[in-house]
Amino acid sequence: MKVFIPRDSAALAVGADEVADALQAELISRGLDAGVTLVRNGSRGLFWLEPMVEVETPEGRVAYGPVAPEDVPALIDAGLLQGGAHALGLGLTEAIPYLAKQERLTFRRMGITDPLSLDDYAAHDGWQGLEKALTMDGAAVAQQVLDSGLRGRGGAAFPAGIKWRTVLNTPSAQKVIVCNADEGDGGTFSDRMTMEGDPYMLIEGMTIAGLALGATAGYIYVRSEYPHAVAALREAVTRATAAGYLGDNVRGSGKAFQLHVRMAAGSYVCGEETALLESLEGKRGIVRAKPPLPAIEGLFGQPTLIHNVISLASVPLILARGADFYKNYGMGRSRGTLPFQLAGNIKFGGLVEKAFGLSLRELLFNFGGGTRSGRPLKAVQVGGPLGTYVPESQWDIPLDYEAYAAVGAVLGHGGIVVHDDRADMAQLARYAMEFCAIESCGKCTPCRIGSTRGVEVIDRIVKNQNRAQQVILLRDLCDTMVNGSLCAMGGMTPYPVLSALNHYPEDFGIAEPDQQAA
Amino acid sequence: MRSIPITPALPPHRAQVRTLVAQHRNEPGALLPLLHAVQHELGHIPPDVVPDIAAGLNLSRAEVHGVITYYHHFRSLPAGRHVVQVCRAEACKACGADELMAQAEELLGCKSHETRGDGAVTLEPVFCLGLCASSPAIQIDDKLHGRVSAERLGRLLGGLA
């Protein structure tokens with residue numbers, strides 16, 4: 001019999017290890033331990049229910065949560081091991097509406113398997129994409145990625161297949177695959193969950209890319225704030241190498257692909273691809289001017305395929321099931337699914353993987369259940385710290401790259417941060433400028449200086465020192481930052497600032513709704 | 001009597017760093033992995049090891065110093081015996097992170113970005129621990145804590161010495 005207790009960081013942060021220890025001790029004291037295997041799985045992503053304990057029964061897995069260590073004896077009394085009834089019982093895991101309503105493609109194994117078990121991975125459709133890719137030539141693999149409609153999931157939404165084709169067609173003795181796992185956006189955790197909860201999926205995606213494009217080396221650049229992800233990846237790489245999925249002769253193909261896990265060092269701007277490459281080269285993470293594109297001249301001057309974790313992790317399924325399977329999800333030019341991350345002041349926070357096209361309102365209320373505080377929901381920031389605050393008038397717009405771009409918003413990496421009516425939007429706008437001032441790499445002036453001036457101008461607006469004039473100045477400054485910055489750090493910091501100003505002018509002391517409000 | 005020239009012995013931590021340099025110097029882009037290794041061994045990166053790193057990797061001291069000071073993760077001064085990090089990113093702010101930080105400052109008797117006089121604890125902001133659906137979140141040494149209430153913070157910080 002198997003009992004599952006997650007090892008995901010978010011489960012550990014609310015006591016999953018303590019629950020596992022309590023369960024083991026209780027089983028031993030009752031002489032029940034012999035027949036029970038404790039599996040430390042990934043998280044299902046229903047974080048308000050963590051630590052969530054699952055038990056395998058003939059009908060399927062039965063869940064209990066959130067479980068505290070002191071609940072364990074009563075749970076065993078109630079027949080936990082047989083899926084017995086208890087106040088913490090949630091019924092069959094797969095039938096929990098939050099999970100049942102999702103379209104889990106990239107996250108289809110999440111929380112189901114032991115993340116580091118190669119047997120589990122193989123038993124749940126693992127390596128099928130790689131096996132398929134090994135029968136195809138590189139151009140055909142790149143074509144599948146292009147045909148799937150997959151776009152960069154890190155936030156920029158650039159068509160992935162175009163990058164693949166560019167790297168493929170750039171002649172070079174050495175090429176590199178780089179995974180951007182510097183998931184610095186507040187309100188996002190899908191990369192972390194993937195690395196901790198299904199690391200072989202990322203390894204498989206990178207290996208497919210390496211073999212198809214003729215790269216023999218790959219680097220995963222993981223933020224230092226994610227030590228559990230780093231540890232899981234390093235162990236997974238070791239095991240995959242020993243099993244022949246990585247190394248000098250991948251699956252007997254005669255092709256080599258070595259994977260290296262590198263730890264970042266706490267710089268937000270290193271999530272920008274060229275700053276990341278500088279950092280991997282051992283330098284300060286300063287943004288590079290483009291061109292040259294990394295696909296032509298990237299890491300150590302070599303053609304480099306650089307993708308976010310979710311982009312690369314989507315590739316095995318696309319190869320295994322075909323481009324059309326993936327493309328049939330989604331709408332318009334936004335194909336496939338996006339793992340949305342419901343975060344902040346939300347009752348049911350967690351991971352919701354859905355095809356593009358649902359509305360923010362559905363996510364906030366049908367999944368999220370409104371605010372955790374129970375107060376009115378005031379502002380929702382979509383797309384990370386550089387995304388806009390989306391006001392209620394826009395909550396019914398479909399979550400689609402183009403539909404969001406049409407109202408000056410972004411989907412970014414799918415992070416959704418909810419604030420209740422206590423949020424002070426002027427202070428959040430100030431925070432966006434302050435964060436940019438702290439994290440700017442300093443290469444271009446609009447970002448380096450503009451962010452500091454932005455903090456000062458917002459302070460003057462709030463204190464009503466020449467308010468009307470300062471608002472004009474803030475808009476002018478934002479225009480300079482948007483159009484004059486080298487990368488998205490300075491170029492998009494105005495998004496949260498201006499959306500706060502346009503949609504919540506009263507928080508800036510401006511009584512009349514602003515004329516320029518969208 | 002013969003006089004023996006005396007070379008001052010290399011301080012042990014610099015010898016340690018030179019060993020680490022030898023282990024990492026052939027990696028492509030070795031500086032960050034090496035700095036992580038040094039900080040892991042010594043707890044921080046003392047300024048007097050910069051010349052050893054620079055010489056070992058054929059870089060200028062300015063380049064090495066520039067990298068150490070660019071990244072928030074690297075410390076040139078030792079941290080306290082415990083490091084308390086309070087997340088200040090948006091999701092945690094939406095759940096009272098600013099109040100939590102103020103409370104931590106009061107409980108610990110030490111400001112953000114500072115190490116307390118007795119060396120027991122360093123308090124720092126952190127920008128996202130990836131626990132955004134379990135806000136507010138903090139980290140104490142290697143252990144993560146989510147859904148941290150004021151009362152729970154008191155219990156967690158009370159035990160630090």
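Reader: How many residues does the contact take from chain B, and how many from chain A?
Author: Bear in mind that this is a predicted model. Residues count as in contact if their C-beta atoms, placed from the backbone, lie within 7 Å. On that basis the contact takes 34 residues from chain B and 43 residues from chain A.

Reader: Which element supplies the largest share of the side of chain B that touches chain A?
Author: Helix 2 (31–42), helix 4 (61–70), helix 5 (90–93) and strand 5 (143–145) of chain B each give at least two residues to that side. The largest share is four residues, and it comes from helix 2 of chain B.

Reader: How do the residues of that side of chain B divide into nonpolar, polar and charged?
Author: Take the side of chain B that touches chain A. Its residues split into 22 nonpolar, 10 polar and two charged.

Reader: How far apart do the C-alpha centres of the two domains of chain B lie?
Author: Chain B is divided into domain 1 (12–70) and domain 2 (82–158). Their C-alpha centres are separated by 30 Å.

Reader: Why is strand 14 of chain A largely enclosed by the rest of the structure?
Author: A residue is buried if 20 or more other C-beta atoms lie within 10 Å of its own. Strand 14 covers residues 377–382 of chain A, and it is largely enclosed because the buried residues number six of the six.

Reader: Which residue is the bridge partner of A:Val380 in strand 16 of chain A?
Author: Strand 14 and strand 16 (residues 415–420) of chain A pair in the antiparallel sense, over five bridges. Within strand 16 of chain A, the partner of A:Val380 is A:Val418.

Terms used. Residues are numbered from 1 along each chain as its sequence is written. Chains are lettered from A and ligands numbered from 1 in the order in which they are written. This is a predicted model: local features need pLDDT of at least 70, side-chain atom pairs count only at pLDDT 80 or more; totals for chains, interfaces and linings use all residues. Domain bounds come from an automatic or database domain assignment. Two residues are in contact if their C-beta atoms, placed from the backbone, lie within 7 Å. Ala, Val, Leu, Ile, Met, Phe, Trp, Tyr, Cys and Pro count as nonpolar, Asp, Glu, Lys and Arg as charged, and the others, Gly among them, as polar. A residue is buried if 20 or more other C-beta atoms lie within 10 Å of its own, exposed if 12 or fewer, and partly exposed in between; C-beta atoms are placed from the backbone. Two strands pair if DSSP finds at least two bridges between them.
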